[in-house]
Structure formats: structure tokens, C-alpha cells
Amino acid sequence: EKGGYPHFMLKEIMEQPEALENCLRGRLDLQHNTVKLGGLIDVMDRIWAADRIIICACGTSWHAGLVGEYLIEEFARIPVEVEYASEFRYRNPVLRPNDVVIAISQSGETADTLAAVREAKRQGVLTLGICNVVGSTIARETDAGVYLHVGPEIGVASTKAFTAQVAVLTMLALKLAEGRTLSEAEMAQALRALAEIPDKVRQVLTLDEEIRRIAHVYRYASNFLYLGRGYNFPVALEGALKLKEISYIHAEGYPAAEMKHGPIALIDRFMPVVFIAMKDRTYDKVVSNIEEVVARQGSVIAITDEGNGELDKLCEYVIRIPPAPDFLTPLLTVIPLQLLAYHIAVMRGCNVDQPRNLAKSVTVE
Ligand code: F6R
């Protein structure tokens, strides 16, 4: 049932091109330059009229929510807040009638996320679910929603659910921008770029062997830092979470610019730092952050665009991936980080599919 792979996690990483195709299928209409999200048809007017969108989730789903915040604010110009579901539900949150709450949950059973949905409903606001498991509690209790359609995720560490959550949030952001903040030409361009993502993910996955070699070099590290900016700040958090949960290596993710406000004190030659340094509007700033790390003997692994040789002198390793418009890069940059965590964990003899102390769905609060 692992399809020839030694672990579910690797299978689920490797099947992301098909998983994303399934997630996008029937939803991107390149003929009419429109997005179709069947589950939202009846509530679209209310989402369009939202004063504010509040995304509630936990763990990896919360990281996807952060990408969603950047997407929805950029494309739809609707204010978005992203909340840890556990914090939201315990603090008597202020909700107004035109707020919309979106719960993101792979399992659809996470207790804190479900409690956040119930709190939102109690206060009478529209609730939406972005879930993978069909018929799960959160999918049933929300007013409307969108399924990921990526098939069961069995590895405890979430991989294909993350990329699909980001894909759904991208489609939602574009849907909200349709006929409002995006011209038809801009929409056509964005949809075409999104449709090309599964193939680009396929290309990134061919780097598996190269990433395994990098993993071998760093397998005994006891700390890791992950840094990214803009759309790739949440990816830095996700890369760090993947590594800590399956390899038990201490890892932290930060927005790259926050480094100088504290974490830079940790940097010495024993500190590997993973930078997401795509050639987007944040690139020059990220390069100066890389220089700061290198000046303190930190060992840098960078993820950047194919054809970018500028980082070779500074960095120990440069992982090159196909370029994409900046709003789509999280779907690509997260893949090497999933593979890096996976290979390091395997080399350390960890049980990657069933890490200690973790369960696939957290049904206690
Ligand atoms: C990380 C991971 C967890 C889950 C979190 C939320 O790899 O799997 O952090 O993302 O427990 O789970 P769902 O999405 O099922 O609500």
C-alpha cells in the first residue's frame, strides 16, 4: 500500500504532482478564465462582502493559512487574520456579522479547530472548511467548504495536504479577485501559472538524490534555522516543523529579517541555516541576510531559481528549482524541505511515519 516506497511519507511527498492535479481538476477553467469552487457557490456573495477573513488552524494547516493570508490580501484586498485555533477559541474573540471564519484541517477532526468553528457559529458568522477527509466533523459542521481531493494522508507529518491547502487558498484568493481586483488578462496569466505547478513540482522532485546527499552531510546537526520572507516565510516555519517532528532535531523558522533581532546570536559554524531565496521582490534583502550568516561562519543551504548562480560562492549548497510567479513559489519551495527532513530522519533511524509522541489527528484540546 506504500506503492513501492519505504514509507508513507515519501510516497505522499512523491505523489504531490498527481495530488495537486486532482486538487485543481475541474476547478481551473482556462477557457473562460475563471475558478470554479462548487462548494462555495451558495456563499460566494457573502465571502465577497466580507469585512474580514479569519483563518483558524493548527500546525502545518496553520502554516498554509499564513500563505493564504498573503494570497487573499494581495489578490482580493480583504483583510485576513490567521489564528491558532486553540488561542482563538479560548479568548472570547471579537467577531462582527460580516466576518468569515475559514477552518483549515486535513483530518477535519482537530479538536481545537472544531472548537473554533463552533465558537464562530455561536457568534453567527459564516464558517468555511478546507478539509481533506470527506464527511469529517469540520467538513460537516461548517456552512460550506472546499475539499482538497488528495486522497488519504497516512504519514503523520503532513506533506501533500499542505501543498493542496495552499493550492485551494490560491484558487480562493483568485476567485475573490475575479472581476474585481484582477483584470481578465491578469487572471488568465495567474490561472495558467497555477496550472503549470504540478509539472514544476515533478521537476523539483527529481532533485531527491541531490537532497539526500545534502541530508547526509547535515544528519548529525543538533540545530537548524530556516529563513524566508514574504510568501516563503510560512514555508520556513513549515520546513522547521517537518524537521523537528520527524528527526527530533531542534529547528526554528523565522522571517529572514527577524534574524537580526535575536536568532543571529545563535549562529556559529555548527548552525546550518536553510534560506529560501527565490528571485522575487524580497531576493536582495534575503541575500544580505545570507551574507550576515556567512560572515558568522554559519553554513548556508539555499533554495533559489534555476539558472541563478549568484549564491554559489556564499552558500555551502544551492538547490535550484523552476521559477514561478512569487505567489506560487511556496508550492515548490516546500518540496526540498520535506525531502530534506525525510532523509535526515531516515538517516538518524527515526520512525518517520509514526514519530514519537505524535498522532495523525489531535482530538484532544
Ligand atoms: C504536521 C502535522 C500537524 C497537523 C496539525 C493539524 O506535520 O501534521 O501539525 O498539521 O495537527 O492537523 P489537521 O490539519 O488535521 O487539523
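Biologist: Let's start with the ligand. Which residues come nearest to the ligand?

Modeller: Keep in mind that this is a predicted model. There are 14 residues around the ligand, and those that come nearest are Ser61, Ser105, Ser107, Thr110 and Glu245.

Biologist: Now to empty space. How do I find it?

Modeller: Rolling a probe the size of a water molecule over the atoms shows where empty space is left. In this structure the largest pocket has a volume of about 590 Å³. It is lined by 28 residues, and the closest to its centre are Cys58, Gly59, Thr60, Lys360 and Val362.

Biologist: Which helix or strand supplies the largest share of the lining of the largest pocket?

Modeller: That is H4, with five residues. Helix H4 (59–76), strand E5 (99–105), helix H6 (111–122) and helix H12 (233–247) each bring at least two residues to this lining. By class, the lining of the largest pocket has 12 nonpolar, 11 polar and five charged residues.

Biologist: What volume does the second largest pocket have?

Modeller: About 160 Å³. Its lining includes Glu74, Phe75, Leu182, Glu186 and Gln189. H9 gives the most, with four residues. The lining of the second largest pocket divides into six nonpolar, one polar and three charged residues.

Biologist: How many cavities of 30 Å³ or more does the structure hold?

Modeller: One. A cavity is space where the probe fits but cannot get out. About 40 Å³ of space lies in the largest cavity, and its lining is made up of Leu40, Leu128, Gly129, Ile130, Gly145, Val146, Val168 and Leu172. E6 gives the most to this lining, with three residues, and E6, E7 and helix H8 (160–177) each supply at least two. The lining has six nonpolar and two polar residues, and no charged ones.

Biologist: How many bridges join strands E6 and E7?

Modeller: Four bridges join E6 (residues 126–131) to E7, and the two strands run parallel. Look for glycine 129, which stands opposite glycine 145 in E7. Both of these glycines are among the residues that line the cavity.

Biologist: Which side chains of strand E7 are buried?

Modeller: Follow them one by one along residues 144–147, and you see them alternate.

Biologist: Is threonine 304 buried or exposed?

Modeller: We call a residue buried under 20% relative accessible area. Threonine 304 has 0% relative accessibility, so it counts as buried. You will find threonine 304 in strand E11 (residues 299–305). Its side chain reaches the backbone oxygen of alanine 277 at 2.8 Å and makes a polar contact with the side chain of asparagine 308 (2.9 Å).

Biologist: Where is threonine 137 found?

Modeller: In helix H7 (residues 137–141). Threonine 137 counts as buried because its relative accessibility is 13%. The side chains of threonine 137 and glutamate 109 make a polar contact (2.5 Å).

Biologist: Last topic: backbone angles. What should I look for?

Modeller: Most residues other than glycine have a negative phi. Glutamine 297 is not a glycine, yet it has a positive phi of about 70°. Glutamine 297 is found in the loop between helix H13 (283–295) and E11, and it counts as exposed because its relative accessibility is 53%. Asparagine 357 also has a positive phi, near 65°. You can find asparagine 357 in the segment after helix H14 (330–347). With 77% relative accessibility, asparagine 357 counts as exposed.

How values were computed
Residues numbered from 1 in each chain as written. Predicted model: local features only at pLDDT ≥ 70, side-chain atom pairs only at ≥ 80, totals over all residues. Heavy atoms only, no water. Buried < 20%, exposed > 50% of the residue type's maximum accessible area, 1.4 Å probe, protein only. Pairing = 2+ DSSP bridges. 1 Å grid on protein atoms, 1.4 Å probe; cavity = no way out; pocket = protein on both sides within 12 Å on 5 of 7 lines; lining within 4 Å. Points joined across faces, edges and corners; volume = space filled by probe spheres on them. Nonpolar A, V, L, I, M, F, W, Y, C, P; charged D, E, K, R; others polar. Near = heavy atom within 4 Å. Polar contact = N/O pair within 3.5 Å; in protein donor to acceptor, adjacent residues only side chain to side chain.
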